[in-house]
Amino acid sequence: MGIHRVKLYLTLITALLITCITASCAGRQDSGTVTDDKKIRAAVIDTGFSEKAIPSGNIAGGKNYVEGSMGTDDTYGHGTAVASIILENAPDTELVALVSSVYEHGRLKQVDADTFAGIIIDAVDVYGCDVINISAGFAADVESVRLAVEYAAQKGVVVVASAGNDYVENPDVKYYPAAYDDVIAVGSMNESRTAISDFSQRGEWVDVYECGENITVRTLSGDSREVSGTSYAAAGVTSKVCRILEENSGLTVDKVLEIIDFREISEKVFIIGLLYKEVIVWDFLITLERLYRMQDRLLRRRARTLLIQRSSIRQ
């Protein structure tokens with residue numbers, strides 16, 4: 001075995017050990033746990049579900065915030081597609097259809113930012129969700145949405161949001177709520193997982209890249225088709241979050257965020273050991289750097305939580 005390969009292995013093993021120590025020793029306050037007396041429940045803030053495609057046994061109610069009289073039946077197909085991805089990998093998940101957009105008279109009608117914030121809060125307080133999946137976004141920081149996301153995080157709810165598909169035309173745009181610290185922002189990568197999708201937003205604010213190209217989903221009629229976009233990448237991450245919560249009763253939200261990146265790193269270390277490809281080594285280092293950024297973000301959230309608690313005590 002060459003000296004360079006030995007050095008590479010030693011470097012990767014050291015990096016992995018540092019990651020383990022950082023993840024386990026970063027003492028932080030418990031920001032919410034998941035109990036084992038109920039199924040994991042995920043809110044899908046989208047266009048609703050088609051019962052021809054999504055089993056009724058997986059649907060745990062919902063509400064239409066655009067047109068209450070219309071119910072939660074999907075009129076566009078996007079919410080159904082997202083839900084089908086989540087159930088493909090986490091089939092026991094209960095899904096709540098929180099409709100923020102409806103297809104009407106040839107166009108999508110969407111709720112305003114304040115109503116959107118209210119949907120996030122309802123997902124927590126009314127529907128008791130453990131996870132919230134969001135495909136929509138605003139091109140500016142909206143206070144009501146930011147506060148709603150912070151509230152969900154304080155209650156121990158994991159929020160996953162797509163980063164956006166406008167990189168070609170608007171490469172510098174950040175979409176919210178994905179860009180908030182308390183949200184797992186998901187970008188898209190290609191099928192071979194070797195590059196970020198051309199359409200996907202990217203940057204230091206994007207936490208995870210998941211395959212979002214040529215994803216098989218269910219349509220309104222229950223048939224299958226292939227789609228691409230960060231919404232579908234985010235749904236894939238949401239399914240991973242649901243599985244992590246299923247497998248780890250009592251897991252804190254902070255730990256869920258750590259596990260997502262740590263599993264990626266572990267997989268890359270294994271692949272590197274087999275293939276020894278420079279591109280994979282580079283991908284591993286990028287993933288490791290992202291984990292450290294996530295650690296920093298979680299520490300900032302802990303500091304903010306402590307400030308809120310101290311303020312409450314004073315009052």
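Just after helix α4, G156 has a positive phi of about 85°. This is a predicted model, in which local features need pLDDT of at least 70, side-chain atom pairs count only at pLDDT 80 or more, and totals for chains, interfaces and linings use all residues. Residues are numbered from 1 along each chain as its sequence is written, and side-chain values use heavy atoms, with hydrogens and water left out.

Helices (H or I, at least four residues) and strands (E, at least two) are DSSP runs, numbered from the N terminus. Helix α4 covers residues 143–154. Buried means under 20% relative accessible area, exposed over 50%, and partly exposed in between (1.4 Å probe, protein chains only). In α4 the buried residues are V145, A148, V149, E150, A152 and A153.

Strand β7 comprises residues 158–162, and five of its five residues are buried. In a regular strand the side chains alternate between the two faces of the sheet. In β7, V158, V160 and S162 point one way, while V159 and A161 point the other way.

Two strands pair if DSSP finds at least two bridges between them. Strand β6 (residues 131–134) runs parallel to β7, joined by four bridges, and V131 stands opposite V158. Strand β8 (residues 183–189) also pairs with β7 in the parallel sense, over four bridges; here S162 stands opposite V186.

Together, β6, α4 and β7 form a right-handed β-α-β unit. A crossover is right-handed if, with the strands pointing away from the viewer, the path from the first strand over the helix to the second runs clockwise.

Key:
The expected span of a helix is 1.5 Å times one less than its number of residues.
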